[in-house]
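Hi,

Here is the structure I promised to pass on to you. My notes on what turned up in it follow below.

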Amino acid sequence: MATILSDTSRTFSEYLLIPRLTRSSQRPDLVDLATPLSVVEQNQIPRFSINIPVVSACMQSVSGTDLSISLARQGGLSFVFCSQPIEEQVEMVRQVKAHKAGFVTSDSNTTEETSIREVVDLMRRSGHSTVAVTSDGSATGVLKGIITDKDFWEFEDDLDNKVKQHMTPIDEVIYGNDGVSLRDANELLHKHKKDCLPILNKKGNLVALVFKKDYEDHRRHPLELLDDSKRLCVGAAVNTHDYSDRVPALIEAGVDAICFDSSDGFTEYQMEGIKWIRENFGNAVVLGGGNVVSAEGFDYLVENSLVDFVKVGMGGGSICITREQKGIGRGQASALLDVVQRRDEYFKETGRYIPICSDGGLGNDTQIVIAMAMGADFVMMGRYFAQTDESPTPKTSINGQMYKPYWGEGTRRAQNWQRYNDGMSSRQMMFEEGVDAYVPLVGPVAEVLETTLYKLRSTMVNVGADSLSEFREQAILTMVSEQSVVEAGTSTVFQFSSNRELDNSDWGNRG
């Protein structure tokens with residue numbers, strides 16, 4: 001007969017934290033939320049870390065270019081979905097990597113012979129008031145000058161005039177040389193009281209633009225996740241079918257981390273892919289495996305020191321119906337606790353610390369806090385980000401409320417046959433493991449994350465922790481009963497007004 005485990009499959013909502021001593025020197029704004037994404041070898045620093053413990057799910061309705069850029073600017077990381085042609089995924093990665101902190105690739109360009117009328121149209125379409133004038137109208141042509149909306153009067157000047165009649169010619173343009181540091185570039189802007197500084201190579205070709213407004217914007221985003229070249233960081237997902245073609249292309253595009261996107265990572269198919277990547281690229285790429293829900297699955301993926309991090313979770317996502325369809329999975333809290341316990345034992349045995357990603361089963365901000373207390377190094381979320389302005393799906397009005405479509409990678413809509421194919425030659429999805437739904441629009445990523453992360457920091461102070469590692473060590477959790485859940489609510493009073501729709505604390509329960 002089957003082996004029956006004695007423990008109950010539990011969720012995050014069944015636990016509460018017990019307060020510990022809060023020191024007088026502690027404040028939420030002083031709490032450090034940085035966490036490793038790559039394996040931490042004994043007495044060494046991790047090869048790759050993120051500044052906040054949040055990554056976005058490898059989903060079509062979540063991790064597009066705009067979301068990836070916005071999340072990296074907040075200090076987190078997106079994993080661009082792999083259920084698309086390789087060249088399209090690679091292009092998404094390239095677009096994110098093109099956002100070098102302070103150095104922007106010029107995407108509004110013209111030539112000297114272009115009419116002012118065309119420039120006005122370009123400015124309206126792009127929303128940019130500064131246009132680079134190059135020899136061929138490209139972003140990398142020889143710079144001939146700069147034209148801004150201050151160089152002409154739209155309703156007074158002849159719009160058939162040529163750009164060269166109104167632009168600031170190259171002889172009068174203040175510019176920086178390729179290789180200049182961002183600090184020096186900003187000093188040139190300040191010294192010459194300019195709003196834009198072109199960066200040129202030795203041949204006079206335009207390389208990038210540095211804007212005063214971007215300097216101010218960077219000051220507002222001190223946790224931006226950047227690589228050694230000051231470009232935004234981005235991750236990408238791969239499957240077990242075309243990794244030998246997809247991974248090299250992603251690495252060439254500059255991807256910072258890769259993870260296998262699979263509902264079940266405890267398979268020989270994934271192990272073959274992991275081994276192939278390590279044999280061909282060594283430790284040059286940060287590599288994640290999963291998903292698993294047991295200590296046994298964790299041991300399989302970390303065999304021979306192959307993966308950097310392990311994703312935990314099966315069937316806990318809001319649009320995932322794997323447990324209903326197949327009767328397989330595990331409550332997210334139970335799965336996480338089991339894997340974390342084995343991770344800690346593995347660390348004591350080998351001196352290697354393997355970061356754990358809790359993927360799914362998160363219904364609100366409080367449950368994110370509980371997941372971190374239970375030992376997760378970071379969480380992966382789909383619905384949380386699908387509800388934001390930057391997710392790649394269009395806004396839709398339903399009965400006066402704005403929504404966004406959200407679907408799982410296990411739906412026919414996603415056509416992600418690679419994620420669920422069992423090795424047979426057919427590309428037909430025999431049954432769905434996800435649903436197609438709508439989620440309410442909650443606003444920009446920056447605003448939503450601000451609330452979530454403040455709650456996490458505040459709770460960490462309540463437990464006397466200044467970092468996530470201290471939080472894991474000092475957290476004491478208690479089980480809750482049905483009655484304690486009732487006691488914690490507001491069901492015994494009448495609320496005259498409610499701002500729940502303005503608060504993302506219940507983001508998992510709406511829609």
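**The largest pocket**

The largest pocket holds about 1,100 Å³ of space. Please keep in mind that this is a predicted model. A total of 41 residues line the largest pocket, and the closest to its centre are Thr130, Asp195, Cys196, Phe211 and Lys213. Several elements give two or more residues to that lining: helix H1 (65–74), S8, strand S11 (196–200), strand S12 (206–211) and helix H5 (212–219). Of these, H5 gives the most, with 5 residues. If you like to think in residue classes, the lining has 13 nonpolar, 13 polar and 15 charged residues.

**The chain as a whole**

For orientation, the protein chain has 511 residues, and buried ones make up 52% of them. Its secondary structure comes to 16 helices and 22 strands. Looking at contacts in the chain with a separation of 6 or more, 65% are between residues 24 or more positions apart.

**Salt bridges**

A search of the whole structure gives 24 salt bridges.

Aspartate 256 and lysine 97 meet through their side chains, with an N to O distance of 2.8 Å. Aspartate 256 sits in the loop between helix H6 (243–253) and strand S14 (257–260), while lysine 97 belongs to helix H2 (residues 86–97), so this pair ties together parts that are 159 residues apart in sequence. Both aspartate 256 and lysine 97 are buried.

The second pair is glutamate 154 and arginine 124, whose side chains form a salt bridge at 2.3 Å, N to O. Glutamate 154 is in the loop between strand S8 (143–148) and S9, and arginine 124 is in helix H3 (residues 116–126), so the pair ties together parts 30 residues apart in sequence. How accessible is glutamate 154? Glutamate 154 has a relative accessible area of 25%, so it falls in the partly exposed class. Arginine 124 counts as exposed, because its relative accessibility is 59% and the cut-off for exposed is over 50%.

Arginine 342 and glutamate 345 both lie in helix H10 (residues 332–350), 3 residues apart, which is about one turn of the helix. Their closest N and O atoms are 3.4 Å apart in the salt bridge. Arginine 342 is buried, with a relative accessible area of 14%, whereas glutamate 345 is partly exposed at 35%. Some salt bridges also share partners, and in this way Lys97, Asp227, Arg231 and Asp256 are joined into one network.

Threonine 35 has its place in strand S2 (residues 35–36). Is threonine 35 buried or exposed? Its relative accessible area is 2%, so threonine 35 is buried. A polar atom of the threonine 35 side chain lies 2.9 Å from the backbone oxygen of aspartate 377. Leaving aside neighbours within four places in sequence, threonine 35 is in contact with Ser49, Ile50, Ile52, Pro53, Asp377, Phe378 and Leu468.

Threonine 168 is found in strand S9 (residues 168–169). Threonine 168 is partly exposed, with a relative accessible area of 27%. Which residues does threonine 168 touch, not counting those up to four places away in sequence? They are Lys144, Gly145, Ile146, Asp151 and Val173. For isoleucine 146, which is 22 residues away along the chain, the C-alpha atom is separated from that of threonine 168 by 5.3 Å.

**Helix H11 and its ends**

Helix H11 (residues 365–373) is mostly covered, with 8 of its 9 residues buried. The buried ones are Asp365, Gln367, Ile368, Val369, Ile370, Ala371, Met372 and Ala373. At the start of H11, a side-chain oxygen of asparagine 364 comes to within 3.1 Å of the backbone nitrogen of threonine 366. Just after H11, glycine 375 has a positive phi of about 120°.

Happy to talk any of this through.

Best wishes

Notes: Residues numbered from 1 in each chain as written. Predicted model: local features only at pLDDT ≥ 70, side-chain atom pairs only at ≥ 80, totals over all residues. Heavy atoms only, no water. Helix = DSSP H or I, 4+ residues; strand = E, 2+ residues; numbered from the N terminus. Buried < 20%, exposed > 50% of the residue type's maximum accessible area, 1.4 Å probe, protein only. Contact = heavy atoms within 4.5 Å. Polar contact = N/O pair within 3.5 Å; in protein donor to acceptor, adjacent residues only side chain to side chain. Salt bridge = Lys/Arg side-chain N within 4 Å of Asp/Glu carboxyl O. 1 Å grid on protein atoms, 1.4 Å probe; cavity = no way out; pocket = protein on both sides within 12 Å on 5 of 7 lines; lining within 4 Å. Points joined across faces, edges and corners; volume = space filled by probe spheres on them. Nonpolar A, V, L, I, M, F, W, Y, C, P; charged D, E, K, R; others polar.
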